[in-house]
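Hi there,

Here is the structure I promised to pass on to you. Have a look at it first, and then read on for what I found.

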Amino acid sequence: MDFKLTEKQQFIQNMVREFAEKKLAPGAIERDKTSEFDVELYKEMGEMGIIGLPYPKEYGGSGEDYMAYALAVEEISKVDAAVGISYSVSTSLYGGSIMASGATEEQKKKFLTPVMKGESFGAFGLTEPNAGSDAGGCITTAVRDGDYYIINGLKCFSTNGPLADYYVVYALTEPEKGAKGLSAFVLETKTPGCSVGHIEDKSGIKSAQVSEMIFENCRIPAENLLGKEGDGFKIAMKTLDGGRIGVAAQGLGIAKGAFEIARKYLMQRKQFGKQLFKNQYLAFKMAELKVQIAQAEMMLYKAATDKSLGEPYSQSAAMAKLVCTDAAMKVTIEAVQMLGGNGYMREYEVERMMRDAKITQIYEGTNEIQKLIISGSIFR
Ligand code: CAA
């Protein structure tokens with residue numbers, strides 16, 4: 001398979017790289033310290049067409065392919081992975097749920113447009129305190145009442161929860177059927193009965209806003225159902241397949257960001273009368289990391305290309321997520337070590353990247369769940 005980027009993809013990659021280096025990089029350390037998200041910069045990404053990259057123009061998008069989107073998440077995450085995940089959740093989890101459900105024209109126009117233009121955030125509510133890896137174990141309910149559904153329950157670990165105007169929630173319409181009774185809904189978070197619960201204090205991706213979302217007799221129009229009743233679990237699974245390409249891109253971005261900091265450091269810093277990279281142990285370490293990054297890149301671009309071409313991508317997305325996020329963890333840990341005492345200090349950035357890398361191995365399906373998906377596809 002040929003991964004030579006098209007001229008358009010290269011243009012988008014360069015545009016996002018320039019934005020990331022000029023606008024996002026300067027405040028990344030500060031945002032990590034304060035845990036504050038810069039909404040204005042996010043809106044700028046929307047104005048540039050970055051948020052809605054893989055969506056049709058009629059729904060506020062830029063009409064590009066998933067590969068262009070993966071390249072953009074990678075570039076953003078090279079300098080600030082917290083922005084990378086906030087972007088990825090709006091685009092691939094919130095927007096992805098709407099697209100995967102076979103939503104109506106009206107639903108797509110109303111619910112995709114403001115989020116894909118970056119005027120607002122979207123969030124995704126599947127996980128619950130007792131339904132993490134076992135996503136089918138949700139207990140949030142949606143009871144039909146005339147032209148409305150009444151939602152009750154609690155979702156946790158919702159990235160963008162405190163910022164989102166729009167939210168996709170997965171709730172049981174037929175609780176006795178378990179996962180087969182799960183349905184997907186899109187709603188406006190200003191709806192009475194919907195509120196933000198506990199806001200998480202995390203180890204990494206500090207400025208990304210992650211919270212519980214609480215539903216207490218939250219009455220939403222019946223036309224907010226995505227697809228049909230009972231379609232919810234499959235919509236969630238299809239959505240997560242796409243989301244995992246976003247997290248893989250985030251992981252690859254973190255790995256490349258940390259690698260570049262280490263590369264420069266090894267060339268600049270002298271110990272024992274020579275530049276650090278002249279120690280073969282460190283040069284070989286960098287060679288190994290370079291190979292791991294190149295492998296991860298191949299896996300990501302394969303999965304993104306599969307999705308762009310309309311090929312099956314569940315397995316390639318899971319493999320890319322596994323390999324790219326493991327690369328992020330490995331490269332950042334090694335980068336901290338190679339920078340020595342400086343590596344442990346905030347101003348050198350690799351320790352933040354190491355904290356950010358850890359969650360990429362956990363969310364949107366732990367890497368153990370990715371192995372479950374991959375092995376399941378082998379023995380089907
Ligand atoms: N696409 C379409 N359908 C799918 C599918 C897919 N990728 N995967 C499964 N299905 C279908 C199956 O075909 C099956 O259909 P039938 O009943 O008609 O045969 C049905 O769904 C059930 O499938 P399984 O029996 O495989 O389901 P399971 O209960 O064993 O679970 C799982 C499978 C892969 C472990 C799933 O539960 C899973 O993905 N868990 C991880 C959840 C996850 O990623 N959560 C992250 C939430 S988002 C987040 O992290 C927060 C954030 O904001 C970043």
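Let's begin at the ligand, where a polar side-chain atom of Asp241 sits 2.8 Å from a ligand nitrogen atom. Please keep in mind that this is a predicted model. Lys180 also reaches the ligand, with a polar side-chain atom 2.4 Å from one of its oxygen atoms. With Glu364 the backbone is involved: a polar backbone atom there is 2.8 Å from an oxygen atom of the ligand. On its own the ligand would expose 1,100 Å², and the protein buries 67% of that.

Which elements give two or more residues to the shell around the ligand? They are β3 (148-159), α7 (232-268) and α12 (367-378). Of these, α7 gives the most, with seven residues. The shell has 23 residues, and Ser133, Lys180, Lys234, Asp241 and Glu364 come nearest to the ligand. By type, the shell is made up of 11 nonpolar, six polar and six charged residues.

Now for the protein as a whole. You will find 12 helices and 10 strands in it. Its radius of gyration is 21 Å, close to the 21 Å that the globule rule gives for 380 residues, so the protein is as compact as a globular protein of that length. Along the principal axes, the C-alpha atoms fill a box of roughly 80 × 45 × 40 Å. Of the 380 residues, 56% count as buried. The protein exposes about 16,500 Å², with carbon and sulfur atoms supplying 54% of that area.

Enjoy exploring it!

Best wishes

Conventions
Residues numbered from 1 in each chain as written. Predicted model: local features only at pLDDT ≥ 70, side-chain atom pairs only at ≥ 80, totals over all residues. Heavy atoms only, no water. Near = heavy atom within 4 Å. Polar contact = N/O pair within 3.5 Å; in protein donor to acceptor, adjacent residues only side chain to side chain. Areas by Shrake-Rupley, 256 points an atom, 1.4 Å probe, with all protein chains shown as cover. Helix = DSSP H or I, 4+ residues; strand = E, 2+ residues; numbered from the N terminus. Nonpolar A, V, L, I, M, F, W, Y, C, P; charged D, E, K, R; others polar. Rg over C-alpha atoms; globule rule 2.2 N^0.38 Å. Buried < 20%, exposed > 50% of the residue type's maximum accessible area, 1.4 Å probe, protein only.
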